[in-house]
Amino acid sequence: MLFIRGSNNRYRVAAEDDVIFEALQIYNRYFSRGEALTDPDKAKDCIKLKLAPLEHEVFLGVFLDNQHKVIACEELFRGTIDGASVYPREVVKTALQHNAAALIFAHNHPSGISQPSQADRVITEKLKSALALIDIRVLDHFVVGEAVYSFAEHGLL
């Protein structure tokens with residue numbers, strides 16, 4: 001059981017909405033400008049918090065500088081329950097606008113299955129190739145379902 005302190009300085013049992021609100025505050029702090037992404041597990045947990053509850057696919061980009069400090073975390077594309085169109089040209093354009101040196105991608109599978117599809121593998125390769133032309137590294141691509149699948153951990157990057 002969790003407790004939170006109310007405005008009157010008295011503690012009360014935390015409702016689910018209170019816990020979710022606080023978790024999102026932690027997420028926003030973690031992906032705020034200037035935070036270094038040095039722990040892949042913490043990044044996975046925060047990304048899962050953001051994407052797991054969604055009922056439609058969302059494709060995120062976490063834009064990083066040379067020291068892997070967060071420049072921005074943006075929803076790049078939004079799709080339906082079983083897919084989202086991702087356009088490498090738009091990703092490159094946004095990465096250049098942020099002056100990013102590296103990127104982490106993440107998207108969710110509302111089905112709960114975190115195994116990447118063939119389309120996920122193909123778009124990751126296209127993005128990696130397009131960004132390599134302008135010297136931007138792709139560090140990872142997370143697929144969020146009930147678990148979080150890391151392309152880097154599985155040797156796919």
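**Exercise 1. Find the ring cluster, then look at one of its pairs.**

Ring pairs link F59, F77, Y87 and F105 into a cluster. Keep in mind that you're working with a predicted model. Your task: work out which kind of pair the rings of F77 and Y87 make.

*Solution.* 
- Step 1: Start with the total. The count of aromatic pairs comes to four.
- Step 2: Get the two numbers you need. For F77 and Y87, the ring centres are 5.9 Å apart and the planes meet at 65 degrees.
- Step 3: Compare with the cut-offs. Rings pair when their centres lie within 6.5 Å, and planes over 60 degrees apart count as edge-to-face. So F77 and Y87 are an edge-to-face pair.
- Step 4: F77 sits in strand 4 and Y87 in the loop between strand 4 and helix 3, ten residues apart, so the pair links distant parts of the chain.

**Exercise 2. Are F77 and Y87 buried, partly exposed or exposed?**

*Solution.* 
- Step 1: Recall the cut-offs: buried is under 20% relative accessible area, exposed is over 50%, and partly exposed lies in between.
- Step 2: F77 has 9% relative accessibility, so F77 is buried.
- Step 3: Y87 comes out at 49%, so Y87 is partly exposed.
- Step 4: Now try another pair. Y149 and F151 are edge-to-face as well, with 5.9 Å between centres and 90 degrees between planes. Y149 is buried at 8%, and F151 is buried at 1%.

**Exercise 3. Describe the surroundings of strand 3, starting with its neighbours.**

*Solution.* 
- Step 1: Take strand 4 to begin with. Strand 3 (residues 58-64) pairs with strand 4 (residues 70-78) in the antiparallel sense, over seven bridges. Within this pairing, V58 has R78 as its bridge partner, and G61 stands opposite E74.
- Step 2: Look at the turn. Five residues lie between the strands of this hairpin, and H68 takes a positive phi near 65 degrees.
- Step 3: Go on to strand 5 (residues 102-108). Strand 3 pairs with strand 5 in the antiparallel sense too, over six bridges.
- Step 4: Check both faces. On one side V58, L60, V62 and L64 are buried, and on the other F59, G61 and F63 are buried.
- Step 5: Draw the conclusion. Seven of the seven residues of strand 3 are buried, so strand 3 is largely enclosed by the rest of the structure.

**Exercise 4. Now head for the surface. Which residues form a nonpolar patch there?**

*Solution.* 
- Step 1: The patch consists of M1, F3, Y11 and V13, and together they have about 520 Å² of accessible area.
- Step 2: Pick out V13, which belongs to strand 2 (residues 11-13). Its relative accessibility is 44%, so V13 counts as partly exposed.

**Exercise 5. Where does R89 sit, and is R89 buried or exposed?**

*Solution.* 
- Step 1: You'll find R89 in helix 3 (residues 88-97).
- Step 2: R89 has a relative accessible area of 63%, so R89 is exposed.
- Step 3: Finish with a distance. R89 and L127 are 38 residues apart along the chain, and their C-alpha atoms are separated by 8.8 Å.

Terms used. Residues numbered from 1 in each chain as written. Predicted model: local features only at pLDDT ≥ 70, side-chain atom pairs only at ≥ 80, totals over all residues. Heavy atoms only, no water. Pairing = 2+ DSSP bridges. Helix = DSSP H or I, 4+ residues; strand = E, 2+ residues; numbered from the N terminus. Buried < 20%, exposed > 50% of the residue type's maximum accessible area, 1.4 Å probe, protein only. Patch = residues over 30% accessible without salt bridge, like charges linked within 9 Å, V, L, I, M, F, W, Y side chains within 5 Å. Areas by Shrake-Rupley, 256 points an atom, 1.4 Å probe, with all protein chains shown as cover. Salt bridge = Lys/Arg side-chain N within 4 Å of Asp/Glu carboxyl O. Phe/Tyr/Trp six-rings, centres within 6.5 Å; stacked < 30°, edge-to-face > 60°.
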